[in-house]
Amino acid sequence: TEQEILVEQGEQAETLLADPVFSSVVNELVDQTFQSFVNSQPQEADKREQSYRHYRALVDVVSTLKQRVAVRDGIVDANNKEMDHE
């Protein structure tokens, strides 16, 4: 069912978020992006904008994974409540 797929996606997302290698890569990329941003010259607006877009993309990936976990948790909670009322 669709709910089973969403629960599985949430499980996979949680596993990925908990993976130290994934976290390390994301943190390293965020740090590189920040360094690129702050070390840009005043006239390098394009470089800063590119760094900002790169940072936003990283945040979007992590946020999407966290949302999948939240959807899974909502489904599991709803199913547990249904079972409690039976």
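Predicted model: local features only at pLDDT ≥ 70, side-chain atom pairs only at ≥ 80, totals over all residues.
Residues are numbered from 1 along each chain as its sequence is written, and side-chain values use heavy atoms, with hydrogens and water left out.

The helices are DSSP runs of H or I with at least four residues, numbered from the N terminus. The geometry of the two pairs is set out below, with axes fitted as lines to C-alpha atoms over the stretch in contact and angles running from 0 to 180 degrees between N-to-C directions.

| Helix pair | Angle | Axis separation |
|---|---|---|
| H1 (residues 2–18) and H3 | about 130° | 8 Å |
| H2 (residues 20–38) and H3 (residues 45–84) | about 160° | 8 Å |

The crossing of H1 and H3 is left-handed, a term for a near helix turned anticlockwise from the far one by less than a right angle.

H2 and H3 are roughly antiparallel to each other, and H2 passes H3 in a left-handed crossing. H2 contributes Phe-22, Val-26, Leu-29, Val-30, Thr-33, Ser-36 and Phe-37 to the contact, and the H3 residues include Ser-51, His-54, Tyr-55, Leu-58, Val-61 and Leu-65. The residues of the contact of H2 with H3 divide into ten nonpolar, four polar and two charged.

**Residues along H2**

Phe-22, which lies in H2, is buried with a relative accessible area of 18%; buried means under 20%, exposed over 50% and partly exposed in between, with a 1.4 Å probe and protein chains only. Not counting residues up to four places away in sequence, Phe-22 touches Leu-16, Leu-17, Val-61 and Leu-65.

Thr-33, also in H2, is buried at a relative accessible area of 5%. A polar atom of the Thr-33 side chain lies 2.8 Å from the backbone oxygen of Leu-29, and, with residues up to four places away in sequence not counted, Thr-33 touches Ser-51, His-54, Tyr-55 and Leu-58.

Val-38 of H2 is partly exposed, at 42% relative accessibility. Val-38 and Arg-53 are 15 residues apart in sequence, and their C-alpha atoms are 14 Å apart in space.

**Ser-40 in the loop**

Ser-40 is placed in the loop between H2 and H3, where it is buried with a relative accessible area of 12%. The Ser-40 side chain reaches the backbone oxygen of Phe-37 at 2.8 Å, and a polar contact of 3.2 Å joins the side chains of Ser-40 and Arg-48. A polar contact is a pair of N or O atoms within 3.5 Å; within protein, one must be able to donate a hydrogen and the other to accept it, and residues adjacent in sequence count only if both atoms are side-chain atoms. Leaving aside neighbours within four places in sequence, Ser-40 is in contact with Lys-47 and Arg-48.

Methods
Helix = DSSP H or I, 4+ residues; strand = E, 2+ residues; numbered from the N terminus. Contact = heavy atoms within 4.5 Å. Parallel < 35°, antiparallel > 145°, perpendicular 65-115°, else oblique. Nonpolar A, V, L, I, M, F, W, Y, C, P; charged D, E, K, R; others polar.
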